Amino acid sequence: MAYNFIQFQQGMSLPEFLHCFGTEAACAEAVQRARWPNGFACPRCRGSAHCVLGAGSRRLFQCNACHHQASLIAGTVFASTKLPLTKWFLAIYLISQAKTGLSALALKRQIGVSYPTAWLMHHKIMSVMAQRDATYRLSGTVQVDDAYLGGERAGGKPGRGSENKVPFVAAVSLNEQGNPLYAKVAAVAGFTSEAISNWAQSSLEPGAQVHSDGLACFAAVTDAGCTHHAEVVGQRKPRDLPQFKWVNTVLGNLKTMVSGAYKAFAYSKYAQRYLGAFAYRFNRRFDLAGMVARLVVDVCRGHAIPERQIRLAEVHF
Ligand SMILES: [Zn+2]
């Protein structure tokens, strides 16, 4: 079944989504098109002549020249899945369209899988979103602010909550009219010059003009070839200042997502995945409908992630 990106422009309802990706054959076709946009090429001999064996996610491409068999899903996020691709695609749809985030529990209920399965799918898809978004850097005028994700862990002992708190930097680039373009939200090891220097080098283009409330560590953005403009805020918090309006809006949206959809999660373990998935959606907010098609392509092109790696705690630099 053919689909084109234009038809998604006016919004994509669930019936429209199901029309495009409601069958195993349509999903397999979409995976094939995302992986081999110029047609199948044998991974061994690069030959294009082939025959197709099997159906759905079990589809195999056998090279006519060397007889190598390539699986549709081996090496992808869907590798060795026992679920139909239609459930994966529905999960992609729900995650891409949920403006304030979607919990694994909601996903479990909506697609009819066990909680551990929903959790893994959710984390694999979020991981693709975070990795994809990590490749972009902000340029031009950028507002930054420091914040903490989480607080006291539910049921934690009083005063012991900080172990599940993750420091992160929120940054938003603005256009010449002062409207927001793109956001980055990244966990950092702490608000030290070293951590901000590392963050700036992976998150900002040289030449960006960074505006902060003057927290000392932000001066380290100059290590990445950026200029630093510390706004004098006195006793006031950046949240009260109009010049930090957009970074505050991003922080507000993030807070709504965390408190609304997730309640609490292991912030210290998985902060970057949640933050990256949030930024992925924010940065594509003008085209919520097209986001489905793009996330389908990004997930289909994503590499297989072993379960132990998904469960492993992140390290924040
Ligand atoms: Zn071949």
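**Salt bridges in the model**

Arginine 132 has a relative accessible area of 32% and is partly exposed; this class lies between buried, under 20% relative accessible area, and exposed, over 50%, with a 1.4 Å probe and protein chains only. The model is predicted, so local features need pLDDT of at least 70 and side-chain atom pairs count only at pLDDT 80 or more, while totals for chains, interfaces and linings use all residues. Residues are numbered from 1 along each chain as its sequence is written, and side-chain values use heavy atoms, with hydrogens and water left out.

Arginine 132 is joined to aspartate 298 by a salt bridge whose closest N and O atoms are 3.1 Å apart. Because arginine 132 sits in helix H5 (residues 115–134) and aspartate 298 in helix H9 (residues 288–301), the pair ties together parts 166 residues apart in sequence. Helices here are DSSP runs (H or I, at least four residues), numbered from the N terminus. Aspartate 298 is buried, at 14% relative accessibility.

The structure holds five salt bridges, each defined as a side-chain nitrogen of Lys or Arg within 4 Å of a carboxyl oxygen of Asp or Glu. Another of them pairs aspartate 133 with arginine 284, with 2.8 Å between the closest N and O atoms. Aspartate 133 belongs to helix H5 and arginine 284 to the loop between helix H8 (267–283) and H9, so this pair links distant parts of the chain, 151 residues apart. Aspartate 133 is buried at 4% relative accessibility, and arginine 284 is buried at 7%.

A further salt bridge joins glutamate 307 and arginine 311 (3.0 Å, N to O). Both residues lie in helix H10 (residues 307–311), four residues apart, about one turn of the helix. Glutamate 307 is partly exposed at 40% relative accessibility, and arginine 311 is partly exposed at 34%.

Conventions
Helix = DSSP H or I, 4+ residues; strand = E, 2+ residues; numbered from the N terminus.
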